[in-house]
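Open the model in your viewer and keep the selection panel at hand. Could you walk me through what to select, stop by stop, and what is there?

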Amino acid sequence: MKITDLLNFNFNRKQIRIRNNITAYIIVVLSLIFFIFPMLWIFYCSFRTQESIFTAKLIPPLEGFTLINYSNIFSETDFPRYFLNSIEISGLVTLLSLIISILGGYGLSRYEIKGKKTILLGIFSTQMFPQVLMLIPLFILVFTLKLIDKKIGIVLTQLILVLPFCMWMLKSYFDTIPNDVDDSAKIDGCNIFQLLWKIILPIAAPGIMVAAFFSFVVSWSDYLIVSVISQSQSTATLTLIVARLSSSLNIRWGLVCAAVTLTIIPTLFLFSFVQRRLIEGMTAGALRE
Amino acid sequence: MDRRKGYYLILPAVFIMCMFTLYPVIEGIRVAFTDKSLLRGSYHYIGYANYIQMIQDPIFWVSFWHSLILTPTVVVLQLVLGIVLAWTMKQKIPGMAIFKSLIMASWVIPVAATVTVFKFMAQPDVGFINIILTSLGLKEMVKYWFGVPEFAMPFIILLHLWRNVPFYGIAFLAAMQTIPISSYESAEIDGAGPFQKFWFITLPGIRSMLILMVTIHVLWTFNNFDFIYLATGGGPVNSTDVLPVLVYRQSWDNYAAGYGASIGSVMLLIMGLYFIVYLMIQERGEYKR
């Protein structure tokens, strides 16, 4: 009796596992179609001529293959300039946000600061501020500082999109590094910058990579701030151009697909380096509670 | 001496946040009581006039209800689908590692690109969805999906799901993996079914991650501006208007910064109330423990 029960039990388990695996595969296939296919479709259409796209056939003949969209985008628009603008702005945002949030995060993690809890809660609560509300005074502020249509104006404003998260995340990352590490370095006569640079940063490298990735991608993706502070080609970024191309009257989809492809490739490229660490960092604190 | 260092370290962060976050929010609330326009330098205090105008503005109420319905709808759908996706990724089947590394791609690409991808897919002539419908013989269903009032909002919801569900999935997976297998095994011995195991072991195990994800996504979804602004601009016939889009349109397209700020202040108030509820839930959770 007991033995048959056990056998039954195992049999059921196997059945359940097979059923689970089949369900999982179905969900995997559906997810790939929904989440990944649209990107592949855009990528594929960026290599098709306007005529080929307009045949509205799923799998058009291979002779529709062309690089004309990419050459058009470089000859007809100032694409390389927008690309460089984006790189420059996102790069600066990343650099500044790292410097500020490493110092701040370390300070919050290691030192006694009056009202630390309030500061931390304050940092978190900034996430509830409507950016569209802040944008009006921000515009006036940037205007007063004479930074409208300047890259540094965009950089300073975009910092507020990334600083709260980076500070919060790096603070909880530094919290996991034992104090003894700092103490022994201090005994060796390191000042605080040497200590940060030589000891803490190498240990916290994974967290810093995530903060850097987050800063870069958020700045790269920002539309809201760039749309009001950028007034000319000299500061326009890729997202601005993609948005403009795709809302013009006669949309040339081949061109748009090429522009989208070139806009998303850098973020996907960077993502491939950090993806393992990303969730760990993004949800810092939630798992360690 | 050592104590002061902490303050120096957080000084840059505090300075930037006060200047570019705290000041703009407070100034935004103040501007809401003025007739400020971005076309004129001078402005006057007009008391509650903006708020009276708001209460009488039918577009405000349409946007208000859209925001209030859209946010929970999106977050609940993301939550459920995220848990399904996390369960799927927990199954040990061949190919899952590749799937996991691909699936978050939609989360890292710029929103402007996401919107363009979906606009392209939704085109009446060259769009993928309509190509499929045509080939299935459903030609009468072909339309520009963002251009029809009944379908525009569901498509906006799809955009939100497309971007965020994989993020939920990966985050919940990370939380699920911290639950010891032995808890499941002992539950099985006690005769727990799959539903009971989910309710009594998985859900409590991912509780803090769940609260974190819901909290930040309620804030993000409610404050989200670029999905709708770039996809439909609030149209067709206000069918996708939400508060952030209305604030942006009023301040930057109609130049009515004062009026825009008053709507933004209402958004801040709603989020503030939500945040207080969140803090209360958080505190009660800590008592329990």
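Predicted model: local features only at pLDDT ≥ 70, side-chain atom pairs only at ≥ 80, totals over all residues.

**Stop 1: chain B as a whole**

Select chain B and colour by secondary structure. You will find 14 helices and zero strands. Along the principal axes, the C-alpha atoms fill a box of roughly 75 × 75 × 35 Å. Of the 289 residues in chain B, 42% count as buried. If you draw the contacts of chain B between residues at least 6 apart in sequence, 68% of them join residues at least 24 apart.

**Stop 2: a helix pair in chain B**

Now select residues 58–90 of chain B, which form helix H3, and residues 207–223, which form helix H11. Two packed helices are described by the angle between their axes and the distance between the axes. In this pair the axes come within 9 Å and cross at roughly 140 degrees. H3(B) and H11(B) are therefore oblique to each other, since only angles over 145 degrees count as roughly antiparallel. Their crossing is right-handed.

Show side chains at the contact. From H3(B), pick Ser67(B), Thr71(B), Val74(B), Val75(B), Gln78(B) and Leu79(B). Facing them from H11(B) are Val214(B), His217(B), Val218(B), Thr221(B) and Phe222(B). Which classes of residue make up this contact of H3(B) with H11(B)? There are six nonpolar and five polar residues, and no charged ones.

**Stop 3: a cis peptide bond and its neighbour**

Stay in chain B and go to the loop between helix H12 (226–231) and helix H13 (243–253), where Pro236(B) is found. A cis peptide bond joins Gly235(B) and Pro236(B), with omega at about -15 degrees. Val237(B) is in the loop between H12 and H13 as well. Its phi is near 40 degrees, a positive value in a residue other than glycine. Is Val237(B) buried or exposed? Val237(B) counts as exposed because it has 10 C-beta neighbours inside 10 Å, and the exposed class takes 12 or fewer.

**Stop 4: where the chains meet**

Bring chain A back into view and select the contact between the two chains. Here 73 residues of chain A are in contact with 77 residues of chain B. On the chain A side, H1(A) makes the largest share, with 14 residues. That side has 53 nonpolar, 18 polar and two charged residues.

**Stop 5: the two domains of chain A**

Colour chain A by domain: domain 1 covers 2–68 and domain 2 covers 78–282. Their centres, taken over C-alpha atoms, are separated by 34 Å. Eight residues of domain 1 and seven of domain 2 make the contact. On the domain 1 side, helix H1 (2–45) and helix H2 (50–54) each supply at least two residues, and H1(A) gives the most, with three. The residues on this side divide into four nonpolar, three polar and one charged.

**Stop 6**

Zoom in on Phe174(A), in helix H7 (residues 151–175). Phe174(A) counts as buried because 21 C-beta neighbours lie inside 10 Å. Not counting residues up to four places away in sequence, Phe174(A) touches Gly105(A), Tyr106(A), Ser109(A), Arg110(A), Ile200(A) and Ala204(A).

End at Lys146(A), in the loop between helix H6 (131–144) and H7 of chain A. Lys146(A) has a positive phi of about 60 degrees although it is not a glycine. With 9 other C-beta atoms within 10 Å, Lys146(A) is exposed.

Conventions: Residues numbered from 1 in each chain as written. Chains lettered and ligands numbered in written order. Domains from an automatic or database assignment. Helix = DSSP H or I, 4+ residues; strand = E, 2+ residues; numbered from the N terminus. Nonpolar A, V, L, I, M, F, W, Y, C, P; charged D, E, K, R; others polar. Axes fitted to C-alpha atoms, helices over the stretch in contact; angles between N-to-C directions. Parallel < 35°, antiparallel > 145°, perpendicular 65-115°, else oblique. Left-handed = near helix turned anticlockwise from the far one by under 90°. Buried ≥ 20, exposed ≤ 12 C-beta atoms within 10 Å, placed from the backbone.
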